[in-house]
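Subject: the two-chain model

Hi,

Here is the structure I promised to pass on.

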Amino acid sequence: MKAKRLAWLALAAAVVLVAGCSSTGTKDGEGAAVEDRGASAGGGVTTSGAGAGATWTGSALEDPNSLLYTKVIYFDFDQDTIRGEYIDVLRAHATYLVTNPGSGLTIEGHADERGSREYNIGLGERRANAVKRFLEAEGVSPSQVGTLSYGEERPAVYGNDELSWAENRRAVLVYY
Amino acid sequence: MTRLIHIAFLMLLVLQARASTLTIEITQGVEGALPIAVVPFAWRGDGATPPPHDVGAVVAADLQRSGRFKPLPPDEMLMQPSRGEEVDFRDWRALNVENLVIGEVIPSGSRGYLVKFFLYDVFRGEQITGYSMPTTVADLRSTAHHIADIIYETLTGEPGAFATRIAYITSIRSGSGKETKETVKLRIADADGYAPQTIVTSEEPLMSPAWSPDGKRIAYVSFEKAQPSIWVQEVLTGTREQVTAFKGINGAPAWSPDGRFLALTLSKDGNPDIFVLNLARRTLRPLTRHWAIDTEPAWSPDGKSIVFTSDRGGAPQVYQVSVSGGEARRLTFEGGYNARPSFSPDGRLLTFVTRIDGQYRIATQDLQTGNVQVLSDGRLDESPSFAPNGSMIIYATRVESKGVLAAVSTDGRVQQRLRLQEGDVREPVWSPYQKQERNR
């Protein structure tokens, strides 16, 4: 009797999975239709590739042995102070930007998920600005450095613990 | 053969569950709720296809969710009358039911119905009120919510907020690691979670939805361009317009009570400050100017002042400033983190996110007495929003690291959870009252 019940449970689970797949299909359709509606109204949702990373810039940025390879720096909770361990990394980036005046980057500021979302947008911007100010103090032209805060909207790690939060409190240097 | 029938039955169950997307569980009940009986409404269509929803069940569920009523389960009813002459009050007195609702759904026209209902005082043995409401298949649930509103208002003296909607953000991730793709949607649903509709879809963040006071438009933040920008979209048509495109943060839109202005956060001058945008003239007026983060503005119901989050004192706290500007006054003093404030519709309470022992929770503060009450018990609760009648607060919480919506009665006695099948749900905002017609 028990075995029979288990079999039914398994079958039910399988049916749920099947239903799940098919309904994902219709969901996609529904999403596309809505996007069309938005498109007719406002010119469409365009995607920016800011998070895609630097792929075509000089090899120095991609050299694993270079300080320039480090493009993410982390912050303490509710802080925008640049930790001592990142000074050399940021100096290397400043030198690169000064010697390559044609290059430029966007500094993305991020926060962990705790607290309110718009406040975290402010916190992310503060972190990005801290990096921007550091680079400018090292002689980088302001025109080479842009900032963009994602707050807690773009976590690097999806988790709700201290380890994940520490990885999400960050500024990311995205060369273009 | 029976096996096949079983499978078909299971499929049906699953499909039904999917159709309703948001499901509601009451996670904390209440003592002292009014016992009421809402008899399943009778269908007078003879052989015709019955309506897709049991109006009585929708009404009972609404009343139960308010925490003010305790509906009698239909299987405990001794009789199920649907017309006045069938009611025997002794049956209901025996069950200690104080109020009784009966009703019927009558076919009318090609796809229409006439819904009739009567509300009785069981102990006096009298009809309190009765309505006859024409509706359609598409509007049947909405009619049921209006009936619940009438019953709620008749018995509590306060307007109901069942025939309202909620807007919220969902995100669904696909892929993993560097290939993770996120689809973010701005959706609206009935206040009971039914009939969800997507009104914006994006692969970049969407944030901070805000209903216009007439419920016809929603302002929100979209990252679809290189920088965040604020958009205003008509709910019905999907027509939308970009209203800000400044350098830096464009965030936290909040409608003035007259719908003419948006308070918002801009960091174009170097750090986040609150500005007021005249929507018709597109003129911008700075409201706060401080080196700190000033954000998350919300208007007082009288339109005379704005509350907002600021860390000018070293940590985020709630401040209030006159709409004409001037000095901001700090309102919150308990705890090291108070953010995202908004007013109750009567202007007597503020709700906001507060931190207690490292946990982020929803609280209210009485603006007269300063008394603070913590209403939620999660770790990462955020985005509280009052129902338009002030009876409940909807907010975002986490259950097993998944974002879900929850609601709590403003007195903290009833808690409920609105569960979505897939993805994370966040940033719920309750709509204002929607226009309705009543025919007695």
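**What I found**

In chain A, 45% of the 176 residues are buried, where buried means under 20% relative accessible area, exposed means over 50% and partly exposed is in between (1.4 Å probe, protein chains only). Before going on, some housekeeping: this is a predicted model, so local features need pLDDT of at least 70 and side-chain atom pairs count only at pLDDT 80 or more, while totals for chains, interfaces and linings use all residues. Residues are numbered from 1 along each chain as its sequence is written, chains are lettered from A and ligands numbered from 1 in the order in which they are written, and side-chain values use heavy atoms, with hydrogens and water left out.

**Chain A**

Chain A has 4 helices and 4 strands, with helices (H or I, at least four residues) and strands (E, at least two) taken as DSSP runs numbered from the N terminus. Read from the N terminus, the order is α-β-α-β-α-β-α-β. Of the contacts (heavy atoms within 4.5 Å) between residues at least 6 apart in sequence, 72% join residues at least 24 apart. The accessible surface is about 8,500 Å², and 58% of that belongs to carbon and sulfur atoms; the areas come from the Shrake-Rupley method with a 1.4 Å probe, and for residues only the protein chains shown count as cover.

A:Gln144 counts as buried because its relative accessibility is 6%. Leaving out residues up to four places away in sequence, A:Gln144 touches A:Leu97, A:Asn100, A:Pro101, A:Ser103, A:Gly104, A:Leu105 and A:Tyr176. A:Pro101 is 43 residues away from A:Gln144 in sequence, yet the C-alpha to C-alpha distance is 7.6 Å.

**Chain B**

Chain B has 4 helices and 31 strands, and 55% of its 440 residues count as buried. Here 44% of the contacts with a separation of 6 or more are between residues 24 or more positions apart. Its accessible surface comes to about 18,900 Å², with 49% belonging to carbon and sulfur atoms.

Now for a helix pair. The axes of H2 (residues 55–65) and H4 (residues 140–156) of chain B come within 9 Å and cross at roughly 50°. H2(B) and H4(B) are therefore oblique to each other (under 35 degrees is roughly parallel, over 145 roughly antiparallel, 65 to 115 roughly perpendicular, and the rest oblique). The crossing is right-handed. Contact residues include B:Val58, B:Val59 and B:Leu63 of H2(B), and B:Ala144, B:Ile147 and B:Ile151 of H4(B). The residues of this contact divide into 10 nonpolar, 1 polar and 2 charged.

Most residues other than glycine have a negative phi. B:Ser383 has a positive phi of about 55°; B:Ser383 sits in strand E27 (residues 382–386) and is buried, at 2% relative accessibility. B:Arg282 has a phi near 60°, and this residue lies in the loop between strands E17 (273–278) and E18 (283–286). With 35% relative accessibility, B:Arg282 is partly exposed.

Lastly, B:Arg83 is in the loop between strand E4 (69–71) and helix H3 (89–94) of chain B. B:Arg83 is partly exposed at 34% relative accessibility, and touches B:Arg44, B:Ile102 and B:Glu104, not counting residues up to four places away in sequence.

Cheers

Technical notes:
Axes fitted to C-alpha atoms, helices over the stretch in contact; angles between N-to-C directions. Left-handed = near helix turned anticlockwise from the far one by under 90°. Nonpolar A, V, L, I, M, F, W, Y, C, P; charged D, E, K, R; others polar.
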